[in-house]
Amino acid sequence: METKNIGLRGIEVADTRISNIDGEKGKLIYRGFDILDLTKNSSFEETAYLLLYDNLPTKNQLDEFNSKLIEARYIPKQMQKNMGNWRKDADPMDMLQAFVSALAGYYDEEFSNKEASYDKAINLIAKVPTIIASWQRIRNGLEIVDPDSSLSHAANFLYMMTGEKPDTEVEKIFGVCLILHADHTFNASTFTARQVASTRAHMYSAASAAIGALSGELHGGANTEVMKMLLEIGEVDKVEAWIKEKMKNNERIMGMGHAVYKTYDPRAQVLKELSRKLAEKTKDPWFDITEKVETVTISEMKKQKGRDIYPNVDLYSASIYYMLKIPMDLNTPIFAISRVAGWAAHIIEEKFAEAAPKSALYRPKAVYVGKYCGPQGC
């Protein structure tokens, strides 16, 4: 007997007010707002507030929210000291998962009321960038750079990581990337966070579990695989032969195709233009190579398989992060810097059943396909 709906594809497991995907039209909505509008008119901080509180903030609300985020950016010095005991070649996602979980040992785990949960959410959103930037400095034998209260969420992370304040254009590009990655309905990591929250575990546990899910190459690690592909290709003139060979061998082209979108991923639309703009600034070849990968893959898929295929969020984000001089193994942790806002919103919704009453923990049914044995054997 074969199971149906492998990977829960198409199975509705809960109601949500947080985000929605229209895969046929290529639309992504955060709390009623089109992602394309948010990237043009919003900041990451404002978007995070929207995801958490279900409304865009007033000026006073945003100012207060920003102040809380800035105040919560610092992480315990003991935690940074403990990072120094790790192997310098340790996977940054393993480090991030461990130290997000460790936050529970430094801060109150109270999760019994909604207001306390918002405080935990702000703590997480503010501290995840500092954890990642601290590790980047420590593993390279550099002095830790403390947060700068004058900088935005996006600019502050780049500053803590490099020790240099980014220019306005780079800050804007990175800020838009954070908006685009902030939530995406019940993806693997978000569903993991909600599943753990359904047991009434606290927010740090749920977020830590989500980081574990995000670490896989089929989820958060996909853009790193895209960049490896681009580096292997190396030149625009080599793209066509490379793609044809891969498709001939039925190998997957990373960054192309999506489980939900049946047309162009709206996030990829924005990231493509950001990659183009950044390439004009840096004079790097990665945008041109990526665009060629897109066009050749679309053409060959139609020719060889008779099917349409489109870029997903990972195709162009890979080149953006590489041109921003971000180490490839930090691509997935940077995904977490953004997605933690969405995780926190979903954890709160799951815990307090905002969308619809729900008190049961997740307990899906499996289809047993093993042997049945008795006293005489199987």
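## A walk through the model

A search of the whole structure turns up one disulfide. Keep in mind as you look that this is a predicted model. The two partners are Cys373 and Cys378, and their sulfur atoms sit 1.7 Å apart. Looking along the link, you'll find 95° about the S-S bond, which makes it right-handed. Now compare another cysteine, Cys177: its relative accessible area is 0%, so Cys177 is buried.

Next, let's head inside. In soluble globular proteins, nonpolar side chains tend to be buried together. Here, the largest nonpolar core has 110 residues, and Leu96, Ile131 and Phe174 are the ones with the most contacts inside it. Which helix gives the most to this core? That's helix H6, residues 114-139, with twelve residues.

Another helix to look at is H2, which covers residues 44-53. Nine of its ten residues are buried, so H2 is largely enclosed by the rest of the structure. The buried ones include Phe44, Tyr49 and Leu50, but also Glu45, Glu46 and Thr47. Just after H2 comes Asp54, with a positive phi of about 75°.

Most residues other than glycine have a negative phi. Arg200 has a positive phi near 75°, and its place is in the loop between H9 and helix H10 (203-214). Is Arg200 buried or partly exposed? With a relative accessible area of 36%, it is partly exposed. Lys325 also has a positive phi, near 65°, and you'll find Lys325 in the loop between H15 and H16. Lys325 is exposed, because its relative accessible area is 62%.

Helix H15 itself, residues 313-323, holds Ser319. How accessible is Ser319? At 0% relative accessibility, Ser319 counts as buried. Not counting residues up to four places away in sequence, Ser319 touches Met227, Leu230, Ser275, Trp286 and Thr290.

Now for the charged side chains. How many salt bridges does a search of the whole structure find? The count is 24. Start with Arg194 and Glu349, whose side chains meet at 2.6 Å, N to O. Arg194 lies in helix H9 (residues 188-197) and Glu349 in helix H16 (residues 331-352), so this pair ties together parts that are 155 residues apart in sequence. Both Arg194 and Glu349 are buried.

Other salt bridges have other surroundings. Asp34 pairs with Lys27, with the closest N and O atoms 3.2 Å apart. Asp34 is buried, with a relative accessible area of 14%, whereas Lys27 counts as partly exposed at 37% relative accessibility. Then there's Lys238, which forms a salt bridge with Glu235, the closest N and O atoms being 3.9 Å apart. Lys238 is partly exposed, at 46% relative accessibility, and Glu235 is partly exposed too, with a relative accessible area of 42%. Salt bridges can also share partners, and that joins Lys272, Glu273, Arg276, Glu291 and Glu294 into one network.

Where can you find nonpolar side chains out here? Leu8, Ile11 and Val13 make a nonpolar surface patch of about 200 Å². Leu8 is found in the segment before strand S1 (19-22). Because its relative accessibility is 38%, Leu8 counts as partly exposed.

Key. Residues are numbered from 1 along each chain as its sequence is written. This is a predicted model: local features need pLDDT of at least 70, side-chain atom pairs count only at pLDDT 80 or more; totals for chains, interfaces and linings use all residues. Side-chain values use heavy atoms; hydrogens and water are left out. A nonpolar core is a set of buried Ala, Val, Leu, Ile, Met, Phe, Trp, Tyr and Cys residues joined through side-chain atoms within 4.5 Å. Buried means under 20% relative accessible area, exposed over 50%, partly exposed in between (1.4 Å probe, protein chains only). Helices (H or I, at least four residues) and strands (E, at least two) are DSSP runs, numbered from the N terminus. Patches are made of residues with over 30% relative accessible area and no salt bridge: like charges are joined within 9 Å, nonpolar side chains (Val, Leu, Ile, Met, Phe, Trp, Tyr) within 5 Å. Accessible areas come from the Shrake-Rupley method with a 1.4 Å probe; for residues, only the protein chains shown count as cover. A salt bridge is a side-chain nitrogen of Lys or Arg within 4 Å of a carboxyl oxygen of Asp or Glu. Contact means heavy atoms within 4.5 Å. A disulfide is a pair of cysteine sulfur atoms within 2.5 Å.
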